[in-house]
Amino acid sequence: NIIVDLNSLSTGISLRDKHLKDRLSVNTYPEAVLTKASGRSGKGKGIIEIKGKKQQVAGTYKIVGNKLEAEFKMNLPKLDIKDVKYM
């Protein structure tokens with residue numbers, strides 16, 4: 001399992017951080033968890049749990065030093081994450 005402390009998220013803009021954490025309900029759900037993760041040759045899949053909701057995800061990853069960098073798409077409304085807008 002990969003566990004991410006959502007309180008540690010930082011965009012570099014404090015107001016945006018506050019709005020993000022509000023949308024993610026970090027006081028109630030402080031972690032995002034990736035389970036059943038598997039991958040090979042830079043492609044992977046797993047199940048992500050955010051706000052008590054689960055969703056299958058698939059995407060790409062790479063190992064950079066001692067860090068794992070991954071990109072995958074999520075259906076935010078299915079994870080009960082609403083009102084996310086980019087300006």
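Predicted model: local features only at pLDDT ≥ 70, side-chain atom pairs only at ≥ 80, totals over all residues.
User: Which residues is A58 in contact with, leaving aside its neighbours within four places in sequence?

Analyst: The general idea is to look for heavy atoms within 4.5 Å. For A58 that gives G44, K45, F72 and K73, once neighbours within four places in sequence are set aside. You can also read a distance between C-alpha atoms: A58 and S10 are 24 Å apart in space and 48 residues apart in sequence.

User: S10 makes me curious. Which residues does D17 touch, not counting residues up to four places away in sequence?

Analyst: D17 touches L9, S10, T11 and G12 on that count. You'll find D17 in helix α1, residues 14-24.

User: How far away from D17 is the nearest side chain of opposite charge?

Analyst: That side chain is K21, 5.4 Å away. For a salt bridge, you look for a side-chain nitrogen of Lys or Arg within 4 Å of a carboxyl oxygen of Asp or Glu. D17 has no salt bridge, and yet D17 is buried.

User: How many salt bridges does the count come to?

Analyst: The count comes to four. One of them joins the side chains of D22 and K18, at 3.0 Å from N to O. Both of these residues lie in helix α1, four residues apart, about one turn of the helix. D22 is partly exposed at 43% relative accessible area, and K18 is partly exposed at 47%.

User: Which residue forms a salt bridge with K62?

Analyst: E69 does, with the closest N and O atoms 4.0 Å apart. K62 is partly exposed, with a relative accessible area of 49%, and E69 counts as partly exposed at 38% relative accessibility. In another salt bridge, the side chains of D80 and K82 meet at 3.4 Å, N to O. Salt bridges that share partners join K51, D80 and K82 into one network. D80 counts as partly exposed, at 31% relative accessibility.

User: Last topic, pockets. How many residues line the largest pocket?

Analyst: The largest pocket is lined by 40 residues, and L9, L20, L24, I50 and M74 lie nearest its centre. The elements giving two or more residues to that lining are β1 (2-5), α1, β2 (31-40), β3 (43-50), β4 and β5 (67-72). About 1300 Å³ of space lies in this pocket.

User: What does the lining of the largest pocket have by class?

Analyst: The lining has 26 nonpolar, eight polar and six charged residues.

Methods. Residues numbered from 1 in each chain as written. Heavy atoms only, no water. Buried < 20%, exposed > 50% of the residue type's maximum accessible area, 1.4 Å probe, protein only. Lys, Arg positive; Asp, Glu negative; His and termini not counted. 1 Å grid on protein atoms, 1.4 Å probe; cavity = no way out; pocket = protein on both sides within 12 Å on 5 of 7 lines; lining within 4 Å. Points joined across faces, edges and corners; volume = space filled by probe spheres on them. Nonpolar A, V, L, I, M, F, W, Y, C, P; charged D, E, K, R; others polar.
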